[in-house]
Amino acid sequence: MNTKFKKLQEYLKELNSVAVAFSGGVDSTFLLKVAHDVLGDNAIAVTARSCSFPERELNEAKAFCEKEGIKHIVIESEELNIDGFSQNPKNRCYICKTELFTKMRKAIEQLGIENIVEGSNIDDNGDYRPGLIAVKEQNIKSPLRFAGLNKNEIRELSKNLGLNTWNKQSFACLSSRFVYGETITEEKLGMVDKAEQFLIDLRFSQIRVRIHDKMARIEIKKEEFPKMLELSEQVHDYLKSLGFTYVSLDLGGYRTGSMNETLETK
């Protein structure tokens with residue numbers, strides 16, 4: 001792990017200057033911290049504001065950059081305005097990332113920053129990730145994958161660096177909660193956001209609220225099923241008040257990319 005960390009530092013030094021696509025999550029926070037430690041003011045952060053990115057995450061991203069003294073640019077990148085995005089096709093993430101990186105380049109073009117970097121790690125190689133196609137097409141660098149770091153190693157190294165995000169819940173944009181082909185709307189994104197914030201406030205360690213029309217499918221760690229059963233009436237009533245017709249618990253438990261299970265595989 002320490003060898004990989006040194007490889008990451010050396011690679012970032014070779015890049016000379018970077019703009020980090022910064023969401024405030026575990027991976028991008030670690031990447032931004034290391035980049036800033038290595039490159040100083042030649043490492044900046046760029047965060048995209050949209051209705052699929054919760055306000056709590058944006059506020060945490062802003063607070064981190066302020067605390068670390070990192071230049072932080074917030075751009076507007078409303079995915080629902082991108083042609084074809086709201087229909088939620090299988091390549092939704094590709095459409096979004098292409099738009100994001102295009103806007104990032106425009107935002108930093110006058111700053112003399114040479115490279116855009118993003119925080120995917122080698123664990124992302126094993127799932128359906130159309131966004132990585134956009135990463136390759138637009139020549140976006142992926143330092144964590146280059147160094148061969150996985151999620152557990154990133155968490156451990158983040159802890160060593162004193163980052164509060166070392167044990168933060170994994171997060172993906174709220175659009176990933178929709179089954180492919182179901183129309184994404186601002187109203188439904190708001191329902192998912194409020195539902196997940198409610199479960200976070202109840203201190204579930206890792207959650208997803210997947211949306212199927214007006215049904216909520218809750219994913220939590222299996223060891224927290226007893227806690228959910230104890231709070232089931234409270235959770236049910238609150239999610240119903242948000243507009244969900246049915247509220248269900250997925251017995252498969254939390255897992256990343258569960259909507260990809262609906263895709264045909266070769």
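Asp 37 counts as partly exposed, at 47% relative accessibility, where partly exposed denotes the range between buried (under 20% relative accessible area) and exposed (over 50%), with a 1.4 Å probe and protein chains only. This residue is found in helix H2. Asp 37 and Glu 219 are separated by 182 residues in sequence and by 36 Å in space, C-alpha to C-alpha.

The model is predicted: local features need pLDDT of at least 70 and side-chain atom pairs count only at pLDDT 80 or more, whereas totals for chains, interfaces and linings use all residues. Residues are numbered from 1 along each chain as its sequence is written, and side-chain values use heavy atoms, with hydrogens and water left out.

**Overall architecture**

The secondary structure of the protein chain comprises ten helices and seven strands; these are DSSP runs numbered from the N terminus, with helices (H or I) of at least four residues and strands (E) of at least two. The radius of gyration is 19 Å, which agrees with the value near 18 Å that a compact globule of 266 residues would have. That quantity is taken over C-alpha atoms, and the globule rule is 2.2 Å times the number of residues to the power 0.38. Along the principal axes, the C-alpha atoms fill a box of roughly 55 × 40 × 40 Å.

Of the 266 residues in the protein chain, 52% are buried. Among contacts (heavy atoms within 4.5 Å) between residues at least 6 apart in sequence, 72% join residues at least 24 apart. The chain exposes about 13100 Å², of which carbon and sulfur atoms supply 48%; accessible areas come from the Shrake-Rupley method with a 1.4 Å probe.

The protein chain carries 38 positive and 40 negative side chains, and the centres of the two sets lie 3 Å apart. Lys and Arg count as positive and Asp and Glu as negative, without His and the chain ends; each charge is placed at NZ of Lys, CZ of Arg, CG of Asp or CD of Glu.

**Aromatic pairs**

The structure holds four aromatic pairs. Rings of Phe, Tyr and Trp (its six-membered ring) pair if their centres lie within 6.5 Å; planes under 30 degrees apart count as stacked, over 60 as edge-to-face and the rest as tilted. Two of the pairs are tabulated below.

| Pair | Class | Centre to centre | Angle between planes |
|---|---|---|---|
| Phe 22 and Phe 64 | tilted | 5.9 Å | 45° |
| Phe 198 and Tyr 238 | stacked | 4.2 Å | 15° |

Phe 22 lies in the loop between strand E1 (18-21) and helix H2 (26-39), and Phe 64 in helix H3 (residues 55-68), so the pair ties together parts that are 42 residues apart in sequence. Both Phe 22 and Phe 64 are buried. Phe 198 belongs to helix H8 (residues 186-201) and Tyr 238 to helix H10 (residues 232-242), so this pair ties together parts that are 40 residues apart in sequence. Phe 198 counts as buried at 15% relative accessibility, whereas Tyr 238, at 28%, counts as partly exposed.

**Individual residues**

Glu 68 lies in helix H3 and is buried, with a relative accessible area of 19%. Leaving aside neighbours within four places in sequence, Glu 68 is in contact with Lys 33 and His 36.

Most residues other than glycine have a negative phi. Asn 88, however, has a positive phi of about 55°; this residue is found in the loop between strand E3 (72-76) and helix H4 (92-108) and counts as buried at 0% relative accessibility. Asp 213 likewise has a positive phi, near 60°. Asp 213 is found in the loop between strand E5 (207-212) and strand E6 (215-220), and at 48% relative accessibility Asp 213 counts as partly exposed.
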